[in-house]
Amino acid sequence: MAEWLKALVSKTSDGVIRSWVQIPPFPLIIELVYPLYRYITYDILFYNMNPSDQEKIGLFIKRLREERGMTQGDFAKSLKTSQSAVARIESGNQNVTIDQLMKMGEVLKHNIVSLQDTVDFEIIGGRKLSGTIKTNTSKNGAVNMMVASLVNSGTTVLRDIPHIEEVNRYKELLESMGVKIRWVYDDTALSITPPKKLSFSKMDKKVATNIRSFTFAGAFIHFSDSFNLPHSGGCKMGERTVASHKYALDYLGINVETKQSHYNISYKKMHPGTIPLYESSDTGAITAIIAASRIEGKTTIKFAPPNYQVQDVCFLLERFGIKIEGIGSTTLVVHGKKDINVDIEHYNSEDPIESMFFISAGIVTKSKLTITHCPKEFLTLELEKLKRMGLIYKLSKEYLAKNERTVLFDITISPSKLVAPLEKIHTQPFPGINNDNLPFFVPICCFAEGQTLIHDWTWENRAIYFTELNRLGADIKLLDPHRALVTGVKKLRGAQIVSPPALRPTAIILIAMLACEGKSLLRNVYSIKRGYADIAERLNSIGAKITVIRGV
């Protein structure tokens, strides 16, 4: 067993150690959760562990044991070993086998080691892209409108919903609680009909802990005056605060109490109010809007970011008959109604983040490429930055999306010689550069002459992932957890990289690999499948060469 269990291990900033090794006939993923370390390093683990690795494993096991209220003697008895052996393991003075770790996990009721299938991408880089690619509808619009659909007692049909993992997880959670939700229109739309009462006791907590569960709070309050929500998951890029959600609900008479593993949300009587949004949070604003939609009276939300997913939810609520003033501005006035019961169909809008994905891919591969159905309002500043860097592009005439609200255009980019911008590139709440679009500038700046400072101030850990491109030959220096200095290079080379546990950082690695000389391997691409449907097939349709490698 020791011979095949020599594995490359990446300790990512969310504290998860991941290892990929090929074991006929299927890949094994070993995950050891270390909530202790925040920076990316790479080591050989198991049977070649160095003392510091053993100590980290031991410390982790000790902390789990203590959290369970077990003494070393209790733990040893459950493992059918000696207390001295437990002491050696916890002090880092004894190697452990996979079997031992799995047994410890059973005793401590914690998934220390897991076996599961993976999907990898093999990319032959250096190929030019060409032709036309259509922007899909948005992940963030889809999942937030799925939540908003719960305030309608009738049937809501959401058209043009992408088949992505995030949508699947939201669907699974709602199904577990009794919501009637199914794919219709040849699996391109979701039909959603909520029950009179949600089954909170049957909530799939495993799913809830892996998505942004708190985004359901604004809808769930209209089904119960007291319920629990597990702490939120999603991409691993640092701490996700729910402060903007919590304080917004407080202005409506709703109390949120934070417990060790969940939030307790309760109220005696809800009422409309004036909400100064604690921070410019898209999901915080959406929670407040959805909550206010069924509270009779006028609720004013100040400092709300008018980002695309916020507007998508407002457009849907208007279809429900809710009057909302100020859509597209930072002050929204929601005229809530006690009851909503309509049968409607509504179209999801196109995803500006996906448009930016293809723009970035076209630029780094020095391609002439047309990206259609791009949301104008949410890409204008990004295009202005690229124009000043030297990008040559043309825009088509504007046209309306199927929702008859979002303005679209087509973008044709041409091979261009880029130079680094004079100022740093940083995010801002809309109408600044979108948080999710900032990472796409990293591979672009890898080929821009000069140095570019990328300032990702929103997430305390995401910029760390940018340095993964150094494995491909990029020159990226991490100045601190928020800032990366990118120096342009002539070329990148293929390599093998394990996908970070975050969507956009994985996406930019894939983009960079398209520009690399030779073959690259992107391991465990679940992160990218959370937000991009059939991305390998779609890239191949415009000239990429990506082979999807699946486990059994």
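Is Tyr263 buried or exposed? I began my notebook with that one, and Tyr263 turns out to be buried, at a relative accessible area of 9%. A reminder to myself: this is a predicted model.

**Entry 1: the partner of Tyr263**

I looked for the ring that goes with Tyr263 and found Phe214, in an edge-to-face aromatic pair with 5.0 Å from centre to centre and 90° between the planes. Phe214 sits in the loop between H7 and H8, while Tyr263 belongs to strand E12 (residues 262–267), so the pair ties together parts that are 49 residues apart in sequence. I checked Phe214 for burial too, and its relative accessible area is 1%, which makes it buried.

**Entry 2: other rings**

How many aromatic pairs does a search of the whole structure find? I got twelve. Phe200 and Phe220 make one with ring centres 5.4 Å apart and planes at 85°, so I noted it as edge-to-face. Phe200 is in the loop between E9 and helix H7 (205–208), and Phe220 is in helix H8 (residues 217–220), so this pair links parts 20 residues apart in sequence. Both came up buried: Phe200 has a relative accessible area of 18%, and Phe220 has 0%. I also jotted down an aromatic cluster made of Tyr170, Phe200, Phe216, Phe220 and Phe227.

**Entry 3: around strand E9**

Next I turned to E9 (residues 189–193). Four of its five residues are buried, so the strand is largely enclosed by the rest of the structure. On pairing, strand E7 (residues 156–159) runs antiparallel to E9 over four bridges, and strand E8 (residues 180–184) is joined to E9 by five bridges, also antiparallel. Ser191 of E9 is worth a note: it is the bridge partner of Val157, and Arg182 stands opposite it as well.

I followed the chain from E8 to E9 and found a hairpin with four residues between the strands. In that turn, Tyr185 has a positive phi of about 50°. Arg159 lies over the face of Tyr185, 3.8 Å from the ring centre.

**Entry 4: a four-stranded sheet**

Which order do the strands of the open sheet take? I read it as E26-E27-E5-E28, with mixed pairing. The edge strands are E26 (496–498) and E28 (546–550), each pairing on one side only. From one strand to the next, the twist averages 20°. Helix H16 (residues 503–515) packs on this sheet and touches E5 (119–124), E26, E27 and E28. The direction of H16 makes about 170° with that of E27.

I then zoomed in on the E26 side, where three bridges join E26 to E27 (residues 519–523) in parallel. Gln496 stands opposite Leu521 there.

**Entry 5: the cores**

I looked up the largest nonpolar core and found 72 residues in it. Phe121, Phe357, Leu510 and Leu539 have the most contacts inside it. H16 gives the most to this core, with ten residues. For Leu510 I set aside neighbours within four places in sequence, and its contacts include Phe121, Ile123, Phe357, Leu522 and Ile546. There is also a second, separate core of 71 residues, with Leu174, Val207, Phe227 and Leu332 among them.

**Entry 6: helix H4**

Last stop was H4 (residues 98–108). Its buried residues are Ile98, Leu101, Met104, Gly105, Val107 and Leu108. Lys109 follows H4 and has a positive phi, near 55°.

Technical notes. Residues numbered from 1 in each chain as written. Predicted model: local features only at pLDDT ≥ 70, side-chain atom pairs only at ≥ 80, totals over all residues. Heavy atoms only, no water. Pairing = 2+ DSSP bridges. Helix = DSSP H or I, 4+ residues; strand = E, 2+ residues; numbered from the N terminus. Axes fitted to C-alpha atoms, helices over the stretch in contact; angles between N-to-C directions. Contact = heavy atoms within 4.5 Å. Core = buried A, V, L, I, M, F, W, Y, C linked by side-chain atoms within 4.5 Å. Buried < 20%, exposed > 50% of the residue type's maximum accessible area, 1.4 Å probe, protein only. Phe/Tyr/Trp six-rings, centres within 6.5 Å; stacked < 30°, edge-to-face > 60°. Lys NZ or Arg CZ within 6 Å of the ring centre and 35° of its normal.
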